[in-house]
Amino acid sequence: MSTLAHTMMTAARSADSGLVGPGELDRYPYAEAPVTDRVGVPAWDGAADPELGRVGRRAAGSRGRGLHGQLVQQLGQMIVSGDLGADRPLVPEEIGQRFEVSRTVVRESLRVLEAKGLVSARPNVGTRVRPVSDWNLLDPDIIEWRAFGPQRDDQRRELSELRWTIEPLAARLAAGHGREEVQQRLSDMVEIMSHALSQGDALTFSRADSEFHGMLIQIAGNRMLEHLSGIVSAALQVSGGPVTGCERPNEASLAQHARIVDALGAGDGAAAEAAMRQLLMVHPEVERVVPAPREH
């Protein structure tokens, strides 16, 4: 057995890394778990407005399903976790034999990983793992893989810093660009979160929270900020999902979401920005990495 094949087999079976063998690759419940609509609670389906439904779909990443998606996830996890280190050659024949998939599946999976900056393919050199400096660290899949690997602490801190940077500004800008149907949808998300909190349903709370923040960025009227909405959604899912063991939803968080909606309805950008800062400060990890606002 070659060194690569042995490394892949060992890593794929390692309980410490969280990687598993063929047939058990999709292990994240928040990615596929169903959300059930409840009587008296606004419907979850965002299909009424296609623009409002984009956020949830983005957060699921670009892997797709089936053998192709499973192989992308497995190899991606192994690269991000360090089980397949920088400059390691990836031989399609060995990968196909190890995971019992066709050359076509291997080839397409490597193309996806190449687009994410994880691997590079060159004539006469083959496919090799690229260093961290080349990775697209804003890719939702890489955010997820880092959040469940050895870099989980760094990933959570970096995501908190990123959110602190962009979301208060987005809230301020959104106060001047809100549409009536969007305001209603944001209010619906707060109501869903409230009901989920009372039922102890952390998953539904997390999904409504993700859509709330994604919509807020989308209505800020800044195209560049809008492209970051999927990143924020991914950040919320990996930092607040039940798998991580992080803090659960609470009344303080819910109250700040409601304050943001009220400020947007009043067209008060300063109040919306202040409420968003208070919301982000609810999470203890933010206090450790972001200095408190200066008093003027």
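This is a predicted model: local features need pLDDT of at least 70, side-chain atom pairs count only at pLDDT 80 or more; totals for chains, interfaces and linings use all residues.

Analyst: Residues are numbered from 1 along each chain as its sequence is written, and side-chain values use heavy atoms, with hydrogens and water left out.

User: At what angle do the axes of H5 and H6 cross?

Analyst: Helices (H or I, at least four residues) and strands (E, at least two) are DSSP runs, numbered from the N terminus. Axes are lines fitted to C-alpha atoms, for helices over the stretch in contact, and angles run from 0 to 180 degrees between N-to-C directions. Here the axes of H5 and H6 cross at roughly 115 degrees and come within 9 Å. H5 is therefore roughly perpendicular to H6; angles under 35 degrees count as roughly parallel, over 145 as roughly antiparallel, 65 to 115 as roughly perpendicular and the rest as oblique.

User: Which residues of H5 and H6 meet?

Analyst: Contact means heavy atoms within 4.5 Å. From H5, Pro 92, Glu 93, Ile 95 and Gly 96 meet Arg 103, Val 106 and Leu 110 of H6. By class, this contact of H5 with H6 holds four nonpolar, one polar and two charged residues. Ala, Val, Leu, Ile, Met, Phe, Trp, Tyr, Cys and Pro count as nonpolar, Asp, Glu, Lys and Arg as charged, and the others, Gly among them, as polar.

User: How do H4 and H6 pack?

Analyst: Helix H4 (residues 66-81) packs on H6 at an angle of about 50 degrees, the axes being 9 Å apart. The two helices, H4 and H6, are therefore oblique to each other. The residues of the contact of H4 with H6 comprise ten nonpolar, three polar and one charged.

User: Where does Glu 100 lie, and is it buried or exposed?

Analyst: Buried means under 20% relative accessible area, exposed over 50%, and partly exposed in between (1.4 Å probe, protein chains only). Glu 100 occupies the loop between helix H5 (92-99) and helix H6 (103-115). Its relative accessible area of 68% makes Glu 100 exposed. Although Glu 100 is not a glycine, it has a positive phi of about 55 degrees.

User: What is the phi of Asn 124?

Analyst: Asn 124, a residue other than glycine, has a positive phi near 70 degrees. Asn 124 is found in the loop between strand S2 (119-122) and strand S3 (126-129), and at 87% relative accessibility it counts as exposed.
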